[in-house]
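Here is a short briefing to read alongside the model. Take a moment with the sequence and the coordinates, then follow the notes below.

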Amino acid sequence: MAKHQQFWVELLGKLGPPICAATLVGCLLAEKFELIHASLLSLGAACIAISHWVELHRDE
C-alpha cells in the first residue's frame with residue numbers, strides 16, 4: 001500500500017513554483033528588487049524545499 005502524502009506537504013509543493021515564478025516576473029517587469037520580492041522568492045523556495053525533503057528524504 002502506497003503512503004498517502006500529507007495535504008499540507010502536497011500543497012506546499014504545488015504553491016512553491018508559482019510563487020517563485022510570479023515573483024521573479026514581477027521583479028523583472030518592475031526593474032527593481034524590493035524586500036517584498038525577496039521575501040516572496042524566499043517563501044516560494046522554502047515551500048519547494050520542504051516539499052522535496054518530506055517527499056524524498058524523510059525516511060532516510
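Predicted model: local features only at pLDDT ≥ 70, side-chain atom pairs only at ≥ 80, totals over all residues.

Residues are numbered from 1 along each chain as its sequence is written, and side-chain values use heavy atoms, with hydrogens and water left out.

**The two ends**

- Arg 58 counts as partly exposed because its relative accessibility is 46%; the classes are buried (under 20% relative accessible area), exposed (over 50%) and partly exposed in between, with a 1.4 Å probe and protein chains only.
- Setting aside neighbours within four places in sequence, Arg 58 is in contact with Gln 6 and Trp 53, where contact means heavy atoms within 4.5 Å.
- Gln 6 sits in the segment before H1, and with 44% relative accessibility Gln 6 counts as partly exposed.
- Gln 6 and Ser 51 are 45 residues apart in sequence, yet their C-alpha atoms are 9.9 Å apart in space.

**Overall make-up**

- The chain holds two helices and zero strands.
- Of the 60 residues in the chain, 17% are buried.
- The chain exposes about 4800 Å², and carbon and sulfur atoms supply 69% of that area; accessible areas come from the Shrake-Rupley method with a 1.4 Å probe, and for residues only the protein chains shown count as cover.
- Taking the contacts between residues at least 6 apart in sequence, 67% join residues at least 24 apart.

**Helix H1**

- H1 covers residues 7-30.
- The end C-alpha atoms of H1 are 34 Å apart, in agreement with the 34 Å that its 24 residues should span at 1.5 Å a residue; the expected span is 1.5 Å times one less than the number of residues.
- Where does H1 have a kink? The kink, of about 25 degrees, lies at Leu 15, shortly before the proline Pro 17; the bend at a residue is the angle between axes fitted to the seven residues ending there and the seven starting there.
- Val 9, Gly 16, Cys 20, Thr 23 and Cys 27 are the buried residues of H1, and they pack against H2.
- Just after H1, Glu 31 takes a positive phi of about 55 degrees.

**Helix H2**

- H2 takes in residues 35-57.
- With 23 residues, H2 reaches 31 Å from its first C-alpha to its last, close to the 33 Å expected at 1.5 Å a residue.
- The buried residues in H2 are His 37, Gly 44, Cys 47, Ser 51 and Val 54, and their cover includes H1.
- His 37 counts as buried because its relative accessible area is 14%.
- Not counting residues up to four places away in sequence, His 37 touches Thr 23, Gly 26, Cys 27 and Lys 32.
- Ser 51 is also in H2, and a relative accessible area of 6% makes Ser 51 buried.
- With residues up to four places away in sequence left out, Ser 51 touches Val 9, Leu 12 and Gly 13.

**Charges**

- How many salt bridges does a search of the whole structure find? The search finds one, a salt bridge being a side-chain nitrogen of Lys or Arg within 4 Å of a carboxyl oxygen of Asp or Glu.
- Glu 10 and Lys 14 form a salt bridge, with their closest N and O atoms 4.0 Å apart.
- Side chains of opposite charge can pair when their charged atoms come close.
- Both Glu 10 and Lys 14 lie in H1, four residues apart, about one turn of the helix.
- An α-helix has 3.6 residues a turn, so residues three or four places apart point the same way.
- Glu 10 counts as partly exposed because its relative accessibility is 34%, whereas Lys 14, at 56%, counts as exposed.

**A nonpolar patch**

- Ile 36, Leu 40 and Leu 43 make a nonpolar surface patch of about 250 Å².
- Patches are made of residues with over 30% relative accessible area and no salt bridge, joining like charges within 9 Å and nonpolar side chains (Val, Leu, Ile, Met, Phe, Trp, Tyr) within 5 Å.
- Leu 40 lies in H2, and at 33% relative accessibility Leu 40 counts as partly exposed.
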